Every structure is written in C-alpha cells, then in structure tokens.
Amino acid sequence: MTIQVTKVGRLNSDQVNCVLRSAMLAPSTHNTQPWLFRCTSTGIELHADPRRMLPVTDPDGRELVISCGAALFTLRTAIHALGFHPATTLMPSRADPDLLAVVRPLAERTPDPKVVRLARAIPRRRTNRRPFLPTAIPRSTLTKLRHATELEHAWLPSLDAVQCRHLRDLSASARLDQLADPAFVAELGRWTHRGGEVRDGVPSYATDGSPTDEGWLLEEFGTDGDGSRPDPLVVVIGSFSDGRLDRLQVGQALQRVLLTATGAGLDTSFISPPVLVPSARAEFRRLLGCGVWPQVLLRVGHGAPLPWTPRRPLEDVLLETLVSA
Ligand SMILES: Cc1cc2nc3c(=O)[nH]c(=O)nc-3n(C[C@H](O)[C@H](O)[C@H](O)COP(=O)(O)O)c2cc1C
C-alpha cells in the first residue's frame, strides 16, 4: 500500500511533501537515514528506525538519535521558512522511546530572515571529505557556530592547540582500533562505496579524493600554524549528559551548525573515531574537562565542490497515518 502525504494542521499536502523532503536531506551516519515520519491531522511525528542502526559502529544507537535530531532541526526550519511556527515536543511518549518528536505547524507568521537563510542552505549542505584549503577561518565564524550550538541546548567547547594535538593522536589511534576489528571493517564496507541505483549508504564519488587513513587524519587537523588554533577549524559539539534527549538535542545543534557553516560558504565533514571508540571517547571527555560529553567532531573549511548523496524515496520513510485529516 502506498502511503499518501496528507494535510497536517495548517500545512496543505504540497507543503507537507516539501518539508518532509527537506528533512530527509539531513546528514546521517553512513547515510543510513534512520528516520520515519507519520503525518497526523495536527502534527508530523518523527520516529527513530532501529532497523537502520549500525550494530558494530554505533551499538547503542547514539549516532542514530543524533542523525534523527538533525532531521528534526531540518523539519522545524523548513516549516518555519514556509511561514508557520513549528511547535515541537521532544520525546512525547514514555511508552514509545522511538517516537522522538512531534512537530505541530501553528499559526502563520512572517519567517525570520535568519531561518530563511538556514532553509536555503538545506539542499546545498554536503559532507565534504575532500582536502580543505589552508585558508584561515575567521574567529567570528567560531562565535557564530558556538551561538548556533547553544540555541539548541548543546555546547561547543574551545579547543586549544595542545588539546588539538592530543585529539589528533587520539583520532589516529582510535581509527587504527576500528580498522583492527573485522566486524567494523565489514560494516563499513557494506555502507560505503555504493554505486548504481542504491539510495542509501555513502556512494564512491562522495569519498573519492579523500586522503587515506593517516594522511586524512593529519589533513583534518591541519597544522598548528602560529600555535593559536589549528587550520582548518576543528569543532566539537558536546552535551552535559549523555541520554537519548541530550543526543536528540545534539543532533539539532549539529544541523544548525552545519547549515550556518554552509550559509557562510564553508564546507564541513565528520571525524568520528574519537567519539565512536569507547576508550577514545572517555579520553576525549577527560581532555575537554568540565564534564562535557563529546558527541560530534567536525572539521570546517573550504573544499572542492562535490555532488549530493542520494536519499531514499519519501514513501520509504512514511508511516501509515493513524488519524485521517
Ligand atoms: C552522527 C553522524 C556521524 C557521521 N560520521 C561520519 C564519519 O565518521 N565519516 C564520514 O565521512 N561521514 C560521516 N557522517 C556523514 C554522513 O556520511 C553523511 O551525512 C551521509 O553520507 C549523507 O551525505 P551528506 O551529508 O552529504 O548529505 C556522519 C553523519 C552523522 C549525522
């Protein structure tokens, strides 16, 4: 049975279609797209899809929930840009922890130009794994990214040159730990270098030109330059606790940061080993101090343009409507 998109609150079915297609452009770990949406007469539900979890790479579904948080922020932004208030309830059901949020489009309002700029960045954002130019990123950009993170109740701690050096070593050894695990390598192989008609996973062209392992890690962290800050910029998004709700908020902060960077003409990509390998993450947490849980590590800079990574058809991520419009 094909599930149709229906009217939701004040959004007509074309507008619902448009905001859902925007939400699906969010980044997700290995492009698993681990989300499902249900349209009811009053709101759009966002559900985690545990069948799309990566059992080896992400055994407790931390990155799955962060990915869904990124889709949630995109949905909210798209609704707002159409001129509606996206009233959002996080984790509304104790009985159903996979129901991560409900977004109800309320009264029409003039969209905030800042949100419209973020919305315009949604289709332009890419994960750019190519080498970044050694161009300095202005300090004001870091301030903007920090502000974006805090608006979504997450935290972007500063990294000094010494911390960055430690983090680079930590990343390199965590990456080696990952590659020494045949189950990790097999899972990575299943989700990357995809081609043809496949609409999930990471296509070969999205990783072509990425430096290989060690070179890649060195490239990501750049040099210390005058010792003040590495270049390109490396930022970490953290939270003060590490529950499902925190991860959902981190995902929203992540997408606000990525869209803010895209809007400023910057490219971004992920450095995941130090947040995925448990011992490395514990060390990373100690390195940050102040009790912050590292959730996402990003590099920000200027890379060569690259094509988009495909998404599944909308029909594949729609749940049957329980209440008809
Ligand atoms: C939580 C999370 C973790 C990710 N980890 C990595 C990573 O370790 N390496 C990488 O190259 N991309 C990583 N990505 C980026 C995804 O591979 C990317 O979002 C996906 O392939 C879709 O491509 P797009 O971002 O260009 O739309 C991550 C994305 C998310 C949301």
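Modeller: Helices here are DSSP runs of H or I with at least four residues, strands are runs of E with at least two, and both are numbered from the N terminus. By that count the protein has 11 helices and 10 strands. Its radius of gyration, taken over C-alpha atoms, is 19 Å, close to the 20 Å that the globule rule (2.2 Å times the number of residues to the power 0.38) gives for 325 residues, so the protein is as compact as a globular protein of that length. This is a predicted model: local features need pLDDT of at least 70 and side-chain atom pairs pLDDT 80 or more, while totals for chains, interfaces and linings use all residues. Residues are numbered from 1 along each chain as its sequence is written, and side-chain values use heavy atoms, without hydrogens and water.

Now the sheet. Five strands form an open sheet in the order β3-β4-β2-β1-β10, with mixed pairing; two strands pair if DSSP finds at least two bridges between them. Because β3 (84–90) and β10 (318–319) stand at the edges with a single partner strand each, one side of each has no neighbour in the sheet. Strand β1 (residues 35–39) runs parallel to β10, and two bridges join them. In one of these pairings, R38 has L319 of β10 as its bridge partner.

As for the whole fold, 75% of the contacts (heavy atoms within 4.5 Å) between residues at least 6 apart in sequence join residues at least 24 apart. Buried residues, those under 20% relative accessible area with a 1.4 Å probe and protein chains only, make up 54% of the 325.

Notes
Buried < 20%, exposed > 50% of the residue type's maximum accessible area, 1.4 Å probe, protein only.
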